[in-house]
Amino acid sequence: MHLPFPKTLPALKFSGLLLATIGLAAQPKGAIAQSALLEGDPMAQVTSVSEFADVSPGDWAYEALAYLANSEQQGGLDCLEGYPNGSFRGRQALTRYEFAAGLASCLDAVVGRLENLDPEALARIEALQREFARELADLRGRVDLLEDRTAELEANQFSTTTRLAGEGIFDINDLFGDQLEAVGNTTVFQYRARLNFQTSFSGDDLLQTRLTAGNRTPRTVVSSLGRSNLVPNVVPRGTAEGLLITALGGDTSNNVQVDRLTYGFNLGQRLSAYVAAIGGTHQAYVHSTLSPFFNDADGGNGSLSPFSQYSPIYRIGGGTGFNYRFDDDGTLALSLGYLADNAANPGEDSGFFNGDYAALGQLTFAPSQDFNIGLTYVHGYHTEVATSGISTPNAIFDLGLGSSRFFTGTVPANALHGALGVPAVTNSYGLELSWRISSGISLSAFGGYTNLTLLETGRGDIWYYGLGLAFPDLFGAGNLGGIMVGVEPYLTGLRGQYTLASLGLENDTSLHIEAFYRIRVTDNISITPGVIVVTAPEQNRDLFDSFVIGTLRTTFQF
């Protein structure tokens, strides 16, 4: 719709050129700038038409523009500003609503000086008010409605500082093979639900309180230690090879548990800190796990298993601790952390420094946005607890949860020290890299070695590595395809009092092959079918056949 305005030059002084005082053309004094106007840093206020970089005395509207922009001392209305970069952009279009908003702002700017205006100018102001009375009234109504809605939201909001983020994962899965002992080879339907309360007090910090519930019942896959001459000194749940992501915190018997209480905050532009009271993990504070697309912080929109989400080196230890991260623009970052498994326990061989712990150091180098390299070192201490003659070790890749629970790798790689009844010290070294080959292909790779020291007994070697390809937006925006091939942590050798052969163990290479395709149904719902194949489980192909896990996962987020 064209705006009706007089075509004579004197009328253009006020009516026609006032069109250019708001919207996409310029910013009226006292008005809140539109996002389109916020270009560059704010400059000094324009007080003369001569200060507009793209306006010259030869322009047909120069007189009218001067009347609006010039100060009172220069004979103007002093109610018009330009863009922050000093331009006016008088040829850009605007709507009647934008014009009405600019008119209202300009009228506000001159209302205190009406007695100084000549009768002709006053008459034009009144005419403009009548012409745009409907638009002005509509704008006032919209502002009133927004104010009412804002007041209602403020009155009924959960908190001014806390945001609620939720996730529910439902998956149906089955295991095909002859590996089960205590649990039958049946199809199961399991879930895990999380409510995460994210609180910020200053805008530069984050307090996370997470509630978790689930009905997951672990499958008891046979253990090679259970077939060794160490029976009955150890009764682990079985191998963690091929474990699904719902295994992390999903076995609460439908009871709600607080499984995370952490606080992160910045100490300047380059230094950040992370303090964990419950559920601290290395992944939560390191600069990067260098596993884009696969890593969803153990949530339901990444890969299928804890092994493929990121390197197992980040699963060594957890619980309570602190971290300092030195980050210089992301090009070179140093992360340091310390997590204790039983920091709240005042008993013997427990507490913050006397019990199980894991100390991490990582250097991340990012020469470009598409290529990153990480070097990681973790030093850990892992005890064993004997109850009624049965040893329940705090496993190595256990996220600090203890009670013989672990989430990646074979039983010998996690719990041999418990079977032998001795504490273990580990020194782990990892190399991680990620390479965004193109917009549709991303490569992730990791390799790790853990030197295992069985106190007063001997030493061992644990290896793990993986190579993954991710295909973001595969066959549709928001979708994700992924393939991961690797070897979960396994014990390759022993030296000292025992050898693998003397314990009846093998060191066969067990491959983990995983493929999945996440379908983004909506912004809040995704469906992920996938399959995991594990060969030579429990590093013994003679005793155990390969097995396959098929799953269909549905994830809801809000």
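## Close-up views of a predicted model

**View 1. Leu552 sits in strand β18, which runs over residues 547-557.** The model shown here is a predicted one. Is Leu552 buried or exposed, or something in between? Leu552 is partly exposed, because its relative accessible area is 38%, and the buried class is kept for values under 20% while the exposed class begins over 50%. Look around this side chain and you will meet Phe170, Asp171 and Ile172, together with Ile527, Thr528 and Pro529; Leu552 touches each of these, leaving aside residues up to four places away in sequence. Val531 makes a handy landmark too: Leu552 and Val531 are 21 residues apart in sequence, and their C-alpha atoms are 8.8 Å apart in space.

**View 2. The whole chain, for orientation, has 8 helices and 18 strands.** Of the 558 residues in the chain, 50% are buried.

**View 3. Helix α3 packs against helix α5.** Two packed helices are described by the angle between their axes and the distance between the axes. Here α3 covers residues 96-110 and α5 covers residues 133-156. Their axes are 9 Å apart and form an angle of about 85 degrees, so α3 and α5 are roughly perpendicular to each other. On the α3 side, the contact is made by Arg96, Tyr97, Ala100, Ala101, Leu103 and Ala104. On the α5 side, Glu135, Leu136, Asp138, Leu139 and Arg142 take part. Sorted by class, the contact has 7 nonpolar and 4 charged residues, with no polar ones.

**View 4. The largest cavity holds about 50 Å³ of space.** How is such a space found? Rolling a probe the size of a water molecule over the atoms shows where empty space is left. A search of the whole structure finds 2 cavities of 30 Å³ or more. The residues lining the largest cavity are Thr289, Leu290, Ser291, Ser308, Gln309, Tyr310, Ser311, Glu432, Ser444, Ala445, Phe446 and Met484. Two or more lining residues come from each of α6 (306-309) and β13 (441-454). Which element gives the largest share of this lining? That is β13, with 3 residues. By class, the lining of the largest cavity has 5 nonpolar, 6 polar and 1 charged residues.

**View 5. The second largest cavity has a volume of about 40 Å³.** Its lining is made by Asp171, Leu244, Ile245, Thr246, Leu304, Thr551 and Arg553. The lining of the second largest cavity has 3 nonpolar, 2 polar and 2 charged residues.

**View 6. Phe293 lies in the loop between β5 (271-280) and α6.** What is the phi of Phe293? Phi of Phe293 is near 75 degrees, a positive value in a residue other than glycine. Phe293 is partly exposed, with a relative accessible area of 27%.

**View 7. Ala297 is found in the loop between β5 and α6.** Ala297 has a positive phi of about 50 degrees, although it is not a glycine. With a relative accessibility of 37%, Ala297 counts as partly exposed.

Conventions: Residues are numbered from 1 along each chain as its sequence is written. This is a predicted model: local features need pLDDT of at least 70, side-chain atom pairs count only at pLDDT 80 or more; totals for chains, interfaces and linings use all residues. Side-chain values use heavy atoms; hydrogens and water are left out. Axes are lines fitted to C-alpha atoms, for helices over the stretch in contact, and angles run from 0 to 180 degrees between N-to-C directions. Helices (H or I, at least four residues) and strands (E, at least two) are DSSP runs, numbered from the N terminus. Angles under 35 degrees count as roughly parallel, over 145 as roughly antiparallel, 65 to 115 as roughly perpendicular and the rest as oblique. Contact means heavy atoms within 4.5 Å. Ala, Val, Leu, Ile, Met, Phe, Trp, Tyr, Cys and Pro count as nonpolar, Asp, Glu, Lys and Arg as charged, and the others, Gly among them, as polar. Buried means under 20% relative accessible area, exposed over 50%, partly exposed in between (1.4 Å probe, protein chains only). On a 1 Å grid over the protein atoms alone, a cavity is a set of points where a 1.4 Å probe fits but cannot get out, and a pocket is an open set with protein on both sides within 12 Å along at least five of seven lines; lining residues have an atom within 4 Å of a point. Grid points are joined across faces, edges and corners, and a volume is the space filled by probe spheres set on the points.
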